[in-house]
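This report looks at strand pairing and charged side-chain contacts. The sequence and structure come first.

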Amino acid sequence: MSMQLSSPAFNNGERIPDRYTKAGTNDQPELIIAGVPEEAQELAVICHDPDAPMPNGFTHWLVYGIPAGTEQIPMNAENQFRPGTNDFGDIGWGGPLPPEGHGPHHYYFWLYALDQPVSGMPDRETFLRDYGAHVIDQSRIIGVYER
C-alpha cells in the first residue's frame with residue numbers, strides 16, 4: 001500500500017476554507033497520514049503554491065521531525081514537530097493569501113517518507129536538493145484558493 005495523505009479540512013482538489021488562510025484565522029489544517037513504509041525513519045510535510053507570481057512559487061509550510069509512526073498532524077499542532085520558516089518569513093503555517101484577482105492558486109501539501117532524519121530546518125529548495133535521494137515514498141493533496 002502506498003502512502004496516503006488527506007485532510008478533514010478540505011478534499012483533494014477542492015477549495016480550502018477561509019479559516020485556514022491568512023484572510024481568515026490562519027488555522028493550520030489537520031492532516032491524516034496512512035500507509036507509511038516500515039523502513040521510513042522520518043516524515044516531512046511541505047505546502048507549496050506553484051501558481052504564485054514568483055520564479056519558484058511560494059512555500060507556505062515546512063514541517064520536519066515528524067516520527068514515521070505519526071498518523072495525524074492535529075489542527076494548530078505543528079509545534080509537536082519541527083516547523084521551518086515559510087516564504088512569509090514566519091516559522092510554521094502561513095495560510096494562502098494569493099494576490100486579489102490573480103485567479104485560483106493550487107496548494108500542494110506534500111508528505112515525504114525519508115530513510116534518514118532531516119537535519120535542521122532547510123528551505124524547500126535545499127530540502128529537495130539534499131534529501132530528494134532519501135525520499136522512499138511520497139503523497140500529496142491539493143487545495144485550491146483564490147481571492
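The text below takes the sheet, then the salt bridges.

This is a predicted model. 3 strands build an open sheet in the order S1-S2-S5, with antiparallel pairing. Strand S1 (4–6) and strand S5 (72–73) are the edge strands; each has a single partner strand, so one side of each is left without a neighbour in the sheet. Strand S2 covers residues 31–34 and pairs with S5 over 2 bridges, in the antiparallel sense. Across this pairing, Ile32 stands opposite Gln72 in S5.

Next, the charged side chains. The whole structure holds 6 salt bridges. Among them are these:

| Pair | Closest N to O distance |
|---|---|
| Lys22 and Asp90 | 3.8 Å |
| Asp130 and Arg129 | 2.8 Å |

The Lys22–Asp90 pair links distant parts of the chain. Lys22 lies in the loop between S1 and S2, while Asp90 lies in the loop between strand S6 (82–83) and strand S7 (105–114). The two residues are 68 residues apart. Lys22 is partly exposed at 31% relative accessibility. Asp90 is also partly exposed, at 35%.

How accessible are the other partners? Asp27 has a relative accessible area of 13%, so it counts as buried, the cut-off being under 20%. Asp130 is partly exposed, with a relative accessible area of 38%. Arg129 reaches 62%, which means exposed, since that label applies over 50%.

Terms used
Residues numbered from 1 in each chain as written. Predicted model: local features only at pLDDT ≥ 70, side-chain atom pairs only at ≥ 80, totals over all residues. Heavy atoms only, no water. Pairing = 2+ DSSP bridges. Helix = DSSP H or I, 4+ residues; strand = E, 2+ residues; numbered from the N terminus. Salt bridge = Lys/Arg side-chain N within 4 Å of Asp/Glu carboxyl O. Buried < 20%, exposed > 50% of the residue type's maximum accessible area, 1.4 Å probe, protein only.
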